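Hello,

I am handing over the structure below. Please open it first, then read my notes.

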Amino acid sequence: MLSTIWKSVCRVLCVCATTSVVLSLSISAQTAAPVPTVAAAPSTLGLGTAWYPEQWPEARWATDIDLMQKAHIRWVRVGEFAWSRMEPSEGHYDFDWLEKAINEAGAHGIYTVLGTPTAAPPAWLTQKYPETLRTNEDGRKAEHGNRQQFNWDNPKYRELARDIASRMAQRFGHNPYVIGWQIDNEYAAVSFDAQTKADFQQWLKTDYSTLDNLNARWTTAYWSQSYSNWNQIPIETVGGNGNPGLLLSWKRFVSDTWRSYQKNQLDAIRQSADPHQFITTNLMGWFDGFDHYTITQDLDLAAWDDYVGMGHLDAVRNGATDDLTRGFKRKNFWIMETQPGHVNWHMVNNDLDKGEVRAMAWHNIGHGADAIGYWQWRSALNGQEEYHGSLLGADGTPLPLYTEVQQLGHEMEKAAPALAGTAPKSQIAILHTYPSFWAINWQRHNKYYDPVAELLSYYGPLRAIAQSVDIVQPTAPLDQYKLVVAPGLNVLSDAAAKNLIAYVQQGGHLVLGQRTGMKNSDNGLQPERQPGPLAELLGGRVEAYYALEHPVPVDGTWGPNTSQMWAERLQITKPGAEVLARYGKSNGWLDGEPAAITRKVGKGRITYIGAWMDDAGMAKAAEWMTTISHVTPAFGPVPKGVEVNARYGKDHTVFILVNLSGEAQTIALPRRMRDVLHGDETISVELTNYGVAVLSEPHK
Ligand code: GLA
Ligand code: GLA
C-alpha cells in the first residue's frame with residue numbers, strides 16, 4: 001500500500017525535478033488523482049510551511065496551494081491555534097473546513113502535520129472554566145487575548161484538551177494526507193496555583209518517600225527549613241533563590257507534568273490514529289524550562305523551531321542546537337518552524353541576507369534535519385504578529401524570499417533520493433543534562449558564566465576538527481565514541497558516573513570540563529571534591545575554584561593562553577596522573593598550580609580541564625584531544641568558514657558543504673564525488689558566499 005502512495009508522490013516529484021514548474025503543476029494535478037489509503041512521514045526530505053486556512057476565505061485556498069506547489073512545498077502544518085474554529089461553542093464541533101483544507105492540499109501532493117490547538121484555548125472555555133487559567137508566580141492569573149493562558153496541570157483543562165485531541169484523531173487519524181501530529185505548541189509557561197502546589201507536594205512524596213529523607217537530602221537544617229508535613233513545602237523559585245534541592249525537584253516536577261500533559265493528548269491520538277502518523281511537538285533549542293529528554297521519550301521524533309532572531313546564522317550555535325535536538329532521540333529530527341527572512345520579536349528584526357535562508361536550511365539538513373518548515377506562509381491581516389516574516393505578502397503574492405525558498409524546495413527534491421535513509425554519525429560526544437544547566441544558572445557564581453557558552457567553547461573547536469559532534473545525555477550508550485567531553489556536567493548522577501567510569505575502563509577518552517562533578521542528584525554538594533565520583537579514576541581533584549575578575553594566564557601542552565571568568569586549581573592525588581597546563585601569575589592562589597591534568601587508565605584516559613580557556617587555548621586543546629583519541633575528520637580540510645556535514649547511508653555518504661565564510665571559495669574534494677544538485681562527477685566545487693554543495697560518494 002505504501003509503495004502505491006510513494007509512487008504517486010514520486011511521480012509528482014520526478015516531474016517537478018525534470019520539467020519547468022508550470023508544466024509540472026498541470027501534470028501533477030492530473031497524477032494526484034489516486035487517493036492513497038495510508039499516509040506516512042516523508043522518509044526523505046520535505047519543505048513545508050505553517051498555514052492557517054482558518055484565517056482566510058475558502059475561495060482563497062486554491063491560490064495558496066497553487067503557490068505552495070510552485071515552491072515545491074511538500075507539507076503544511078495546520079490547526080495548532082484554531083480551537084475556536086474547530087469548536088465554536090462547547091460541544092459543537094466543526095471539522096469540515098479543516099478536512100477540506102487538508103484534502104485540497106493533499107490532492108496537490110502537499111501533506112499535513114496536524115497541530116492540536118491547545119496552546120490557544122477559545123474564549124468560551126476561559127469564561128466557563130476560569131480554573132483552567134494559569135497563575136503566575138506573583139499570584140496574578142493569566143487572561144484571554146494572547147495564547148498559552150492555560151494551566152498545564154489543571155485536570156479540567158486536560159479533560160478539554162483530551163476531548164479536542166481525540167475528536168481530531170477520530171476525524172483525521174486515517175486521513176491519507178495527514179502524516180503526523182504536533183501536540184500543542186512550544187510548551188513553556190507553567191502555573192503556581194494552589195492545586196499545582198499540592199500536586200508538587202504529592203510528587204515530592206512519591207520521589208522522596210519520607211520527610212526525613214527529603215529533609216536530609218535538601219539539608220533543611222539550614223535556615224530552619226525542616227518540614228514536618230508535606231503541605232508545608234513551598235514552590236520557591238523566584239530568581240532561582242530557593243533551596244537548590246527544591247529548585248531541582250520543581251524543575252523535575254515541571255518536566256514530568258509537561259510529559260503527562262503531552263501524554264494525555266498523545267494517548268488520545270494514538271487510540272484513533274494510524275500508527276504511520278508520527279507524533280511530535282515543536283521544541284525551542286536551548287530553552288530550559290523543562291527537561292527535553294523527559295518530554296521526547298514519548299514522541300516519535302524531535303522537532304525544533306529554529307529562529308536566528310537578531311543578526312545572522314551562527315554556525316556553531318545553530319549547529320549545536322541541531323545536534324542537541326538530534327540527541328534527544330538520537331536520530332534525525334525536523335525543523336518545524338524557521339524564519340522566512342525576519343522575526344518580529346527581537347530588538348532589531350533584521351532580515352537574513354539574500355542566500356542565507358537557503359544556506360541555513362542546508363546547514364540544518366547537514367546536521368540531520370529531514371524537514372524544514374517556514375513560519376509562516378502568509379501573515380494574518382491582524383493579530384500580534386503582523387510584522388513577522390512570511391513567504392507571501394499581505395496582498396497574497398510572493399515576497400522576494402519566495403524565489404529563494406522555491407529554489408531550496410527544488411533542490412531538496414533533487415537531493416531527496418541521495419539523502420533518504422542517511423544520518424549524521426559522530427566520533428565525538430559532548431554530554432549535556434538539564435539539571436547541570438539549571439544548577440549552574442541558579443548559582444552562576446560569576447554572572448557571566450553561561451553554561452551554553454561553556455558547552456559551545458568545547459563544541460566549536462571540536463566540530464571544526466571532526467566535522468561532526470553528537471550531544472547526548474551522560475547515561476546514553478557511549479561505546480561508539482572515541483572521545484567523550486563533559487563541559488560543566490555540574491550535577492552528576494550515580495548512573496551517569498557509572499556509565500562514564502565504564503567508558504574509560506573500556507578504553508574511551510573522557511574529558512571533563514570545569515565545574516563537572518560538583519553536585520549530586522539533589523543539587524547538593526558532593527561530599528568529595530570535584531569531580532566527585534570520578535576523582536578516584538582521575539587520580540586528581542579540584543582544590544579550589546575561583547570566579548575571576550580578569551583573565552589569568554595559562555601555559556603548557558596547549559601553549560600560552562588565558563582562563564576567562566573561572567579557574568579551578570587542581571591537584572594530582574595518584575601516580576600516573578600528569579599536569580597538562582598550569583596557571584601563570586595571578587591571585588597568588590593559582591600561581592603555578594595545575595589548570596589541566598590527565599591520566600591514562602589501561603587503554604582509556606581521563607582528562608580534567610579546570611580553566612575556561614580562550615579560543616586559542618581551546619583550539620589547541622581540541623587538537624590535542626582529537627589527536628590523542630584518534631578522531632578523524634569526516635571529510636578533510638576546507639577553508640575557514642565553510643561548514644562540512646556528513647550523512648551516512650547504507651551504501652553511500654552524502655557531504656553537505658555550506659559556505660558561510662563571507663566570500664567565494666574553491667574547495668578541493670578529497671576524492672571524486674557526485675554533485676547531487678548538478679548531476680555531474682567532480683573533484684572540486686566553487687561556492688559563492690552562502691553557496692551550497694551536496695556531494696555523494698559510494699562506500700568502497
Ligand atoms: C550575612 C548573613 C549570613 C550569611 C552571609 C553570607 O552576613 O548573616 O547568614 O548569609 O551574609 O555572606
Ligand atoms: C514561535 C511560534 C509561532 C510563531 C513564531 C514567531 O515559533 O510557535 O506560532 O509565534 O514563534 O517567530
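Which helices and strands each supply at least two residues of the lining of the largest pocket? They are α12 (315-329), α16 (451-466), α19 (615-628) and β21 (642-648). Helices (H or I, at least four residues) and strands (E, at least two) are DSSP runs, numbered from the N terminus.

First, the ground rules. This is a predicted model, where local features need pLDDT of at least 70 and side-chain atom pairs count only at pLDDT 80 or more, while totals for chains, interfaces and linings use all residues. Residues are numbered from 1 along each chain as its sequence is written, chains are lettered from A and ligands numbered from 1 in the order written, and side-chain values use heavy atoms, without hydrogens and water.

Confidence. pLDDT is the predictor's confidence in each residue, from 0 to 100. The protein chain averages 93, and 94% of the residues score at least 70. Over residues 1-41 the pLDDT is below 50. That stretch still has 58 contacts (heavy atoms within 4.5 Å) beyond near neighbours in sequence. Where pLDDT is low, the predicted coordinates should not be read in detail.

The largest pocket has a volume of about 800 Å³. A pocket here is an open set of points on a 1 Å grid over the protein atoms alone, where a 1.4 Å probe fits, with protein on both sides within 12 Å along at least five of seven lines; lining residues have an atom within 4 Å of a point. The volume is the space filled by probe spheres set on the points. The lining has 32 residues; Val316, Gly460, Ala464, Lys640 and Glu643 are the closest to the centre. Helix α16 gives the most, with nine residues. By type, the lining divides into 19 nonpolar, seven polar (Gly counts here) and six charged (Asp, Glu, Lys and Arg).

Met618. This residue lies in helix α19. Leaving aside neighbours within four places in sequence, Met618 is in contact with Ser457, Tyr458, Pro461 and Met613.

Strand β10. Both faces of β10 (residues 428-431) are covered. Ile428 and Ile430 are buried on one side, Ala429 and Leu431 on the other. Strands pair if DSSP finds at least two bridges between them. Three bridges join β10 to β12 (residues 483-486), running parallel. Three join β10 to β11 (residues 470-472), also parallel. Ala429 has Val484 as its bridge partner in β12 and Asp470 in β11.

Best wishes

How values were computed: Buried means under 20% relative accessible area, exposed over 50%, partly exposed in between (1.4 Å probe, protein chains only).
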